Amino acid sequence: MSSTSLSAAPATRRRRMATQLWRGLTYLALFLIMAPAAWILLGVVSRAWAHWRWSVLWTPLTPTGGGLRDQILGTLILMFAVLVVAGTIGVMAGIHLSEFARTGKLSGRLSGPLRTSSDILSGFPSIVLGYVGFTALVVGLGWKLSLLPAVIILSIMVIPYIAKTTENSLRQVPTGYREGAEALGMSAGYGLRKVVLKSALPGIVTGLLLALAIACGETAPLLYTAGFSNTLPHSLTGSQFPYLTYIVFTFYNDPSVQKHYLAYDAALILVVIVLLLLVASRIVVNRTQRHSESARGTARRRLFGGGGNGSGQDAAAEPGLVPSAAALPGKS
Amino acid sequence: MTTVGGVAGSIPATPRSAGLSKPPWHRRAADSIRRNEESGWRTVAWVAVLLPLAALVFALTVLVLKAWPAVKINGWYFLYGRTWTDGAGAYAAPVTTNGVQHLQGAKFGAWAIIWGTIASSVIAIVIAVPLSLGTAFALTERMPTWISRPLGFTVEILAGIPSVVIGLWGILTFGPWLAGNVYPIIANNMPDVPILRYFGNPHGSGEGLLTAGIVLALMIVPIIASTTRDLFSQVPPLPKEGASALGMTDWEVANRVTLPWVRSGIIGATVLGLGRALGETIAVVMIGGAILQIPHTIYQPMTTVAATILTQLDGAQADGTGFYVATLAELALVLAVISVGVNLVARLIVNRTGRVTAPVGGA
């Protein structure tokens, strides 16, 4: 302090004040984001908790009230179906973009357009996809509002996301691993399964969990693909399908108080599901970063990847796109 | 690293083929599976990667085919017209123009809808960008990990909260609170001059354009903030430390080193957020009011393209000629084209900066 007071020109004081002001503003911005986030979470919990009854979880919905059993089950079924359909396709697409697109003749040339189309699809408004599902699948193919078109549209929504996270986590697998697998005489496919995919698994799982979080919270595309019903149907097509977000969207301004309560309950259950998924993804990331190869992988990469051909690829993979990499400092 | 599997796969087969007896069938089968595993992976992955492209082409084809009659009849009026009516409703007589059947008196000009979409997204961007930048700076500059990590996780939670839940909070809690405590102060103190008049009374009930814009801002902040935070962490420490060593204050380092380093990345992230704001549906339907009008003050209800598709599709099917549904397809097509364009621009910008900065930051 005393040394600066020697040159305590007005300019210095102004600069110091500017820095203080800037720091204050950044903290204000942080507060203005954190406060609504906390407000939303606490608001949902407190509104629902005030009249919460556990029987909501296992009573079926009736025209006057009841519980949300079939809606909860419906949302879980939707999530599971999306996990199976979009998970398979998305992970395989990610594998292609990361592993095969570089070597194949035709696929190498096509990888650019394919990646771009995946990017475009991920930015497609969900309501537009919902409209397409409605005209093409629900009306066009005559499936009516039902589970199958809903699963297809939701899957189309999250496949690009899963493909992207899979591709990124595969690219972070050190080149040395692949070379080691090949040097041990593993066939390329066997090495891919046993070595490369295994060490990329945490990133892939994180992507899948976050994709599920997206899928369970969607409303707009479901309204015109799944419709809505009070109870679970017995068929894939032809009969409407229940899910939680519909309850929130329709019941909040219903005249009946019972239905208001159900809207809050559904919101609470949705938030709990999303929080569980986010926490699970975070646990997967933390655990693997602490114990497994990927933490040591960075050191390996430094050892092996000095001037190698593939190391440039690894370094160029944006570290931030997988949440795991963004959240953790390099040292821990 | 992914060389052709033939060389590695054929090794176990060599000694056995030299021997006299054939290996048992199950070992031959296992060998063959192992040898052909890669081509299996390749085939499945090849099919999988084509599906997003196929879905995209399929969606655009459906939209164009469905919207074509509406495009023919509505013409350019669709983009600037202010009248939006399906004629005299379901009881009107169908007429045929240019081979397209529609209800008599049907006239679809979507200007109010497009206006609402642009206005709400602009409000969202204007609010979200400074907040995101501030948050990203606060989280990356001189904050201990034990604080910044849970705060970063909170931003992630905000991104994960279903938009219908945010809509519920917006219409039942946040909107009324704004209308009771914030809007009157702004509205009552606004002078009655041309542009500022727009912020004046009546300030409404909290259901309308400004509330929708603010909530949209909250929904896109996680996108912009997390991208920006990643960009900041890619800025190499040496230039920053050098600037500090030259006597720059933290603000000057941020303003003259960090920000210029990632500027185009931030623009890309902003455009990405814009794409999300343009396409958001359910929260806007709940909070914006979904009323077809250009509001006279910033507090009044409005609608957007996405909201209109959602709220009108059900009723549009009453139009037996299918023209209203086709018009909604045209609306969906407009939204799709805009968001595809916006996304392409954003990816282009983000990718370009990512490639320039990543190798430097990785050093």
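At what angle do the axes of helix α7 (residues 163–188) of chain B and helix α8 (residues 209–234) of chain B cross? In this predicted model, local features require pLDDT of at least 70 and side-chain atom pairs count only at pLDDT 80 or more, whereas totals for chains, interfaces and linings use all residues. Residues are numbered from 1 along each chain as its sequence is written, and chains are lettered from A and ligands numbered from 1 in the order in which they are written.

Two packed helices are described by the angle between their axes and the distance between the axes. The axes of α7(B) and α8(B) cross at roughly 135 degrees and come within 10 Å; axes are lines fitted to C-alpha atoms, for helices over the stretch in contact, with angles from 0 to 180 degrees between N-to-C directions. The two helices are therefore oblique to each other (under 35 degrees counts as roughly parallel, over 145 as roughly antiparallel, 65 to 115 as roughly perpendicular and the rest as oblique). Helices are DSSP runs of H or I with at least four residues, numbered from the N terminus. To the contact, α7(B) contributes Ser163(B), Ile166(B), Gly170(B), Phe174(B), Gly175(B) and Leu178(B), and α8(B) contributes Thr211(B), Val215(B) and Met219(B); residues are in contact if their C-beta atoms, placed from the backbone, lie within 7 Å. By class, 5 of these residues are nonpolar, 4 are polar and none is charged (Ala, Val, Leu, Ile, Met, Phe, Trp, Tyr, Cys and Pro are nonpolar, Asp, Glu, Lys and Arg charged, and the others, Gly among them, polar).

Between the chains, 88 residues of chain B are in contact with 90 residues of chain A. On the chain B side, helix α3 (residues 25–74) gives the most, with 21 residues. That side comprises 52 nonpolar, 23 polar and 13 charged residues.

Most residues other than glycine have a negative phi. Lys144(A), however, has a positive phi of about 60 degrees, and lies in the loop between α5 (126–140) and α6 (147–171) of chain A. With 16 C-beta neighbours inside 10 Å, Lys144(A) counts as partly exposed (20 or more other C-beta atoms within 10 Å define a buried residue, 12 or fewer an exposed one, and values in between a partly exposed one). Ala290(B) also has a positive phi, near 50 degrees. Ala290(B) occupies the loop between α11 (282–288) and α12 (305–316) of chain B and is buried, with 20 other C-beta atoms within 10 Å.

Terms used:
Two residues are in contact if their C-beta atoms, placed from the backbone, lie within 7 Å.
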